[in-house]
Amino acid sequence: MNASELLELVLSSKEPVLVEFSVMSGCFRCNDMRPQVQQLLGNLEGRAEVVRLDFHSNQALAASLGATVCPSYVFFSNGKPLWTQNYPTSGGLLNNRVLQQLTSNSQSQSEPRSKEDSTSF
């Protein structure tokens, strides 16, 4: 996935999107988090999308979203980045943050949104 595909996904997705900025090899931190993110993916099935972008190929995008080291995670909802979690982290911490955000989003969806709230990144 590249930056333009991510933008399209984030803007069109009915579900929140968790983006992992990582590398596929040569990074012990990314290797450490990979199985934890796989487990998180299973926990979030049907409630949020999880996608991976190459940190090195998308450094400008990562930096613009506050991702400073690989792996880093950015959570999007309604087309907007809501938070960024840089390493060190754990699958449990990510799971808790995402679940907390999903609970918060479901409560706020029952409240009317103003036109100003629909801006994107």
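View 1. Count along β3 and you get six buried residues out of six, so the strand is mostly covered.

**View 2. The neighbours of β3.** Here β3 is shown with two partners. It pairs with β1 in the antiparallel sense over five bridges, and with β4, also in the antiparallel sense, over six bridges. Tyr73 is a handy place to look: Glu20 stands opposite Tyr73 of β3, and in β4 the bridge partner of Tyr73 is Gln85.

**View 3. The turn from β3 to β4.** The hairpin of β3 and β4 has two residues between its strands. Look for Asn78, which sits in the loop between β3 and β4. Its phi is near 55°, a positive value in a residue that isn't glycine. Asn78 is partly exposed, with a relative accessible area of 42%.

**View 4. Two cis peptide bonds.** Cys70 and Pro71 are joined by a cis peptide bond, with omega about -5°. Pro71 belongs to the loop between α3 (59–64) and β3 (72–77). Now move along to Tyr87 and Pro88: the peptide bond from one to the other is cis too, with omega near 10°. Pro88 lies in the loop between β4 (80–86) and α4 (91–108).

**View 5. Helix α2 and its bend.** Helix α2 runs over residues 28–44, which makes 17 residues. From first C-alpha to last, α2 reaches 25 Å, close to the expected 24 Å. There's a bend of about 35° at Arg34, and a proline, Pro35, follows within four residues. The buried residues of α2 are Cys30, Met33, Arg34, Val37, Leu40 and Leu44. Just after the helix, Gly46 takes a positive phi of about 85°.

**View 6. How confident is the prediction, and where?** The chain averages a pLDDT of 88, and 88% of the residues score at least 70. Over residues 112–121, pLDDT stays under 50. The model has 15 contacts beyond four places in sequence for that stretch. A word of caution: where pLDDT is low, the predicted coordinates should not be read in detail.

Note on methods:
Residues are numbered from 1 along each chain as its sequence is written. This is a predicted model: local features need pLDDT of at least 70, side-chain atom pairs count only at pLDDT 80 or more; totals for chains, interfaces and linings use all residues. Side-chain values use heavy atoms; hydrogens and water are left out. The expected span of a helix is 1.5 Å times one less than its number of residues. The bend at a residue is the angle between axes fitted to the seven residues ending there and the seven starting there. Buried means under 20% relative accessible area, exposed over 50%, partly exposed in between (1.4 Å probe, protein chains only). pLDDT is the predictor's confidence in each residue, from 0 to 100. Contact means heavy atoms within 4.5 Å. Two strands pair if DSSP finds at least two bridges between them.
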